[in-house]
Amino acid sequence: MENLNKSYTSIKNWADDDKPREKMEKFGPDALSKSELLAILINHGTKNRSAVDLARDLLDLCEANLHKLARFSLEDLQKVEGIGPAKAITIKAALELGIRKEFDRISIEKNIIRGTSDAVDFLQRKLQDSATEQFVAIFMNNGYRVLKTETFSTGGITGTVVDVRTIAKRALELGATKILVSHNHPSGNLNPSEADKSITKKLKQSLKILDIDLTDHIIVSDEGFYSFLDNGDL
């Protein structure tokens, strides 16, 4: 079939300094645009569209916002014609590595959590790219040193279910004496719901019986954070 896209030119026919792979090799990754970096992951275009064209289509879907792109599911990524399951998985894997890189950096820097400011950066990095609510507990010793961070529940976009007994049991196993809990609001709304208030009260009462201190409950979203402790709700 005749190529209907008269302006289309395969990347292999571009000048070397314009080809994403060659450009990165010569000038480094900072010299590449978002679309060029994505094109390297996409690898091959279609008969009428280059990998860079497909990358631009994908960036159009997320308004060129990589934070929004990180929230895309595999199905969302495949809404771009020319991006199938294999390409979608490659892109999703690369974005997840970026998220974990930041999480590892914050994990190293925030070994001790004494207050809200120490916890927020860590939690936002961990939860900000999740399209569904997740409930996380940070277990600490008496010196506020982090023993373990674990996700206890992942739910739909409107809520998640938390088992207080499971969190208490894990705290005893780790020898934790202090716990900070957090969950995200993918909607962006930072106001705690009645369910948020109820689980906080239930957690505090249950942990107190075990001589474990609930230090804070922090809600995070793209709009910022809400601390139960700072707002006098704990």
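Is Lys79 buried or exposed? Lys79 is exposed, because its relative accessible area is 62%. Buried here means under 20% relative accessible area, exposed means over 50%, and partly exposed lies in between, with a 1.4 Å probe and protein chains only.

Some ground rules before I go on. This is a predicted model, where local features need pLDDT of at least 70, side-chain atom pairs count only at pLDDT 80 or more, and totals for chains, interfaces and linings use all residues. Residues are numbered from 1 along each chain as its sequence is written, and side-chain values use heavy atoms, with hydrogens and water left out.

Back to Lys79. Its partner is Asp76, and the two form a salt bridge with the closest N and O atoms 3.4 Å apart. By salt bridge I mean a side-chain nitrogen of Lys or Arg within 4 Å of a carboxyl oxygen of Asp or Glu. Side chains of opposite charge can pair when their charged atoms come close. Asp76 counts as partly exposed, because its relative accessibility is 22%.

How many salt bridges does the structure hold? There are 11. Take Lys23 and Glu36, whose side chains meet at 3.1 Å, N to O. Lys23 sits in helix H1, residues 20-27, and Glu36 in helix H2, residues 34-42, so this pair ties together parts that are 13 residues apart in sequence. Helices (H or I, at least four residues) and strands (E, at least two) are DSSP runs, numbered from the N terminus. Both Lys23 and Glu36 are buried.

Next, Arg165 and Asp163. Their side chains form a salt bridge at 3.6 Å, N to O. Arg165 counts as exposed, at 68% relative accessibility. Asp163 counts as partly exposed, at 35%. There is also a network: Glu150, Lys169, Arg170 and Glu173 are linked by salt bridges.

Now the inside. In soluble globular proteins, nonpolar side chains tend to be buried together. A nonpolar core, for us, is a set of buried Ala, Val, Leu, Ile, Met, Phe, Trp, Tyr and Cys residues joined through side-chain atoms within 4.5 Å. Which residues touch the most other members of the largest core? Out of its 19 residues, they are Leu38, Ile42, Leu58, Leu69, Leu77, Ile83 and Ile91. H2, H3 and helix H6 (85-109) each supply at least two residues of this core. H3 gives the largest share, six residues.

Look at Ile91 on your screens. Setting aside neighbours within four places in sequence, Ile91 is in contact with Leu38, Leu41, Ile42, Leu58, Leu77 and Ile83. Contact means heavy atoms within 4.5 Å. Apart from this core lies another, of 16 residues, including Val162, Val164, Ala171 and Ile212.

On to the backbone. Most residues other than glycine have a negative phi, and most peptide bonds are trans. Asn43 has a positive phi, near 75°. Asn43 is in the loop between H2 and helix H3 (51-61). Asn43 is partly exposed, with a relative accessible area of 39%. Glu63 is not a glycine either, and its phi is positive at about 60°. Glu63 is in the loop between H3 and helix H4 (66-70). With a relative accessible area of 58%, Glu63 is exposed.

Next stop, helix H9. Lys204 lies in H9 and is partly exposed, at 39% relative accessible area. Not counting residues up to four places away in sequence, Lys204 touches Leu214 and Leu234. Lys204 and Leu214 are 10 residues apart in sequence and 5.6 Å apart in space, C-alpha to C-alpha.

Ile209 is in H9 too, which covers residues 194-209. Ile209 counts as exposed, because its relative accessibility is 70%. What makes up the nonpolar surface patch of about 310 Å²? Leu172, Ile209 and Leu210 make it. Patches are made of residues with over 30% relative accessible area and no salt bridge; like charges are joined within 9 Å, and nonpolar side chains (Val, Leu, Ile, Met, Phe, Trp, Tyr) within 5 Å. Accessible areas come from the Shrake-Rupley method with a 1.4 Å probe, and for residues only the protein chains shown count as cover.

Asn191 lies between strand E3 (178-184) and H9. Asn191 counts as exposed, at 53% relative accessibility. Beyond four places in sequence, Asn191 touches His185 and Asp196. Asn191 and Tyr226 are 35 residues apart in sequence and 7.4 Å apart in space, C-alpha to C-alpha.
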